[in-house]
Amino acid sequence: MTVITEPVTVSRSHVRRPVSWEKIGDHAVLMLGSLLMILPVFAAFMTIGASDIEISRHGMQISDGAHLLENFDKALFERGGFTGSITGGTMLLNSFILGIGFAVGKIILGMIAAYAIVYFRLRFATFAFWVIFTTLLLPLEVRILPTYEVVHGMGLINTYTGLIVPLVASATATFFFRQFFLSVPEELVEAARIDGAGPVKFFIDILVPISRTMIAAIFIIMFVYGWNQYLWPTLITTDEAMFTLVRGIKQIIQSIDGGSDIPQFGRSLALAFIAILPPVLVVVVFQSWFVKGLVESDK
């Protein structure tokens, strides 16, 4: 006698997957790190709503207050500082000019330097590259005094030119663009040469378009770096009208409000929160381009 048995099917929904404690631990560490970074920003944002007297008496606040919009309005539009002639909007504009000029200048010089090193038959091209690369070992503080002397001698104090140009030479941008150009197929270079493309046309019409993701990645890095500059703007700007946001926050907090003896804590915290937003927005909006520029060769 033959016994026919039906196959037993087990629903996948009832299959219990093993618990990955390693992944749980990784996520717990990431969540803890995120909280450690977010909590100070959250506390600063909540403190903006408190009055200067409350902040002076009790320190940071964790409850919302009634002065949030007032402090943001004062931070952006009310004149302040020691001379009473600077607003947060002016400092914000100066920071944008510095950040964008800083990033664009570094990208242009980095691309040109990398193009010359990779595609021109220079006898000491490799040596020149390593000389440029070793400047990464020299921080800004090492060369800041001679740079200041040169800028001062050229009469560029309290100018956007003096604020941006001395910092645009970049070994980092040159290194990244050099590595990217080395990954460009030689067949593409030969095809451009056969079509009659000269060095300038090849650079503008071919290299620049295929480097757009790398340009975006370098722009994000350099914009954030330029936006957060403090030491150089502190030395090169003595006129409050030229202060950047990062530079001017200290100037605001040291001034007093309305003849009282209490610093403008709420306004300063509002300025600090405003200073955080542009770099964060740039990174969030261009995150996909940033990743592509660092890990992919979009050709």
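Reader: Let me start with the contacts: of those with a separation of 6 or more, what share comes from residues 24 or more positions apart?

Author: Residues 24 or more positions apart account for 74% of the contacts in the protein with a separation of 6 or more. Contact here means heavy atoms within 4.5 Å. This is a predicted model, in which local features need pLDDT of at least 70 and side-chain atom pairs count only at pLDDT 80 or more, while totals for chains, interfaces and linings use all residues. Residues are numbered from 1 along each chain as its sequence is written, and side-chain values use heavy atoms, leaving out hydrogens and water.

Reader: Thanks. How many helices and strands does the protein have, and what percentage of its residues is buried?

Author: Helices (H or I, at least four residues) and strands (E, at least two) are DSSP runs, numbered from the N terminus. The protein has 15 helices and zero strands. Of its 299 residues, 35% count as buried, where buried means under 20% relative accessible area, exposed means over 50%, and partly exposed is in between (1.4 Å probe, protein chains only).

Reader: How should I read a pair of packed helices? At what angle do H1 and H14 cross?

Author: Two packed helices are described by the angle between their axes and the distance between the axes. Axes are lines fitted to C-alpha atoms, for helices over the stretch in contact, and angles run from 0 to 180 degrees between N-to-C directions. Helix H1 (residues 21-48) and helix H14 (residues 265-285) have axes that come within 9 Å and cross at roughly 135°. That makes H1 oblique to H14: angles under 35 degrees count as roughly parallel, over 145 as roughly antiparallel, 65 to 115 as roughly perpendicular and the rest as oblique. H1 passes H14 in a left-handed crossing. A crossing is left-handed if the near helix is turned anticlockwise from the far one by less than a right angle, and right-handed if clockwise.

Reader: Which residues of H1 and H14 meet?

Author: On the H1 side they are Val41, Ala44, Phe45, Thr47 and Ile48, and they meet Gly266, Leu269, Ala270, Phe273 and Ile276 in H14. The residues of this contact of H1 with H14 divide into eight nonpolar, two polar and no charged. In this scheme Ala, Val, Leu, Ile, Met, Phe, Trp, Tyr, Cys and Pro count as nonpolar, Asp, Glu, Lys and Arg as charged, and the others, Gly among them, as polar.

Reader: And how do H3 and H14 lie to each other?

Author: The axes of helix H3 (residues 68-77) and H14 come within 8 Å and cross at roughly 75°. H3 and H14 are therefore roughly perpendicular to each other. Asn71, Phe72, Lys74, Ala75 and Leu76 of H3 make the contact with Gly266, Arg267, Ala270, Leu271, Phe273 and Ile274 of H14. By class, the contact of H3 with H14 has seven nonpolar, two polar and two charged residues.

Reader: Now H4 and H10: is their crossing left-handed or right-handed?

Author: First the geometry: the axes of helix H4 (residues 88-119) and H10 come within 12 Å and cross at roughly 115°. H4 and H10 are therefore roughly perpendicular to each other, and their crossing is right-handed. Met111, Ile112, Tyr115 and Tyr119 of H4 make the contact with Pro199, Phe202, Phe203, Leu207 and Val208 of H10. The contact of H4 with H10 has nine nonpolar, no polar and no charged residues.

Reader: How many salt bridges are there?

Author: A salt bridge is a side-chain nitrogen of Lys or Arg within 4 Å of a carboxyl oxygen of Asp or Glu. By this rule there are two. Arg193 pairs with Glu190, the closest N and O atoms being 2.9 Å apart; both lie in helix H9 (residues 186-194), three residues apart, about one turn of the helix. Arg193 is partly exposed at 49% relative accessibility, and Glu190 is partly exposed at 36%. In the other bridge, Asp205 pairs with Lys201 at 2.8 Å between the closest N and O atoms. Asp205 and Lys201 both lie in helix H10 (residues 199-210), four residues apart, about one turn of the helix.

Reader: Finally, where is Asn158?

Author: Asn158 lies in the loop between helix H6 (140-153) and helix H7 (160-164). Phi of Asn158 is near 60°, a positive value in a residue other than glycine. Asn158 and Ala241 are 83 residues apart in sequence and 8.7 Å apart in space, C-alpha to C-alpha.
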